[in-house]
Amino acid sequence: MGNTDKLMNQIFELKFTSKSLQRQARKCEKEERSEKLKVKKAIEKGNMDGARIYAENAIRKRSEQMNYLRLSSRLDAVVARLDTQAKMATITKSMTNIVKSLESSLTTGNLQKMSETMDSFEKQFVNMEVQAEFMDNAMAGSTSLSTPEGEVNSLMQQVADDYGLEVSVGLPQPAGHAIPTKTEEKVEEDDLTRRLAELKARG
């Protein structure tokens with residue numbers, strides 16, 4: 001009895017910790033949005049160095065958010081396993097009563113009572129198996145979160161595009177004012193990434 005209670009307390013504590021991690025993830029998400037707004041304001045003022053710093057902060061907050069979510073997901077997976085273990089412990093405890101009931105039914109020849117006891121017992125296991133399978137599938141989906149990789153320049157450009165700001169991100173842009181096609185946009189994005197890598201290499 002004591003061990004089962006202790007296990008249930010541990011499960012409660014882990015669930016509480018998981019919720020705390022999710023709250024931290026939401027906080028990081030808000031802070032990321034705040035940093036993106038600062039990027040917008042800095043770009044509007046032509047302050048590219050400031051915009052770059054805020055973009056770095058936004059990317060860092062996004063990374064923190066994903067880390068919190070990943071930890072929370074891993075905790076949820078552990079909780080699911082412990083939950084199943086706790087249910088198994090409860091079923092194990094009730095086995096003694098079931099065995100006694102079966103022995104009593106066998107002695108009196110009450111096959112109907114034996115059948116009802118076995119139906120009840122098997123139903124508990126079926127419910128547990130279904131729940132365990134559901135949790136396994138849910139955890140397989142939630143643990144596949146990937147950390148996003150974003151460059152500072154592309155985030156600054158994204159913010160500028162989102163707010164319709166006509167700004168280069170401090171790097172030379174192709175001449176002309178023709179509306180770029182999807183292919184040209186992709187080439188331009190790759191070019192920005194390549195130039196940023198070169199700048200970093202020099203630094």
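**Exercise 1. Which helix holds K40, and is K40 buried or exposed?**

Ground rules come before the solution. This is a predicted model, so local features need pLDDT of at least 70 and side-chain atom pairs count only at pLDDT 80 or more, while totals for chains, interfaces and linings use all residues. Residues are numbered from 1 along each chain as its sequence is written, and side-chain values use heavy atoms, with hydrogens and water left out.

Step 1. K40 sits in helix α1, residues 2-44. Helices are DSSP runs of H or I with at least four residues, strands are runs of E with at least two, and both are numbered from the N terminus.

Step 2. The relative accessibility of K40 is 18%, so K40 counts as buried. The cut-offs: buried is under 20% relative accessible area, exposed is over 50%, and partly exposed lies in between (1.4 Å probe, protein chains only).

Step 3. Skip the neighbours within four places in sequence. K40 then contacts V159, Y163 and L165. Contact means heavy atoms within 4.5 Å.

**Exercise 2. Describe the salt bridge of K40 and E44.**

Step 1. Take the criterion: a side-chain nitrogen of Lys or Arg within 4 Å of a carboxyl oxygen of Asp or Glu.

Step 2. The N to O distance for E44 and K40 is 3.3 Å.

Step 3. The two are four residues apart in helix α1, so about one helical turn separates them. E44 is partly exposed, because its relative accessible area is 47%.

**Exercise 3. Where is K113, and what does K113 contact?**

Step 1. K113 belongs to helix α3, residues 111-142. Its relative accessible area is 39%, so K113 is partly exposed.

Step 2. Beyond four places in sequence, the contacts of K113 are S101 and S105. The C-alpha atoms of K113 and S101 are 8.4 Å apart.

**Exercise 4. How many helices and strands does the protein have?**

Step 1. Count the elements: five helices and zero strands.

Step 2. Check burial. Of the 203 residues, 25% count as buried.
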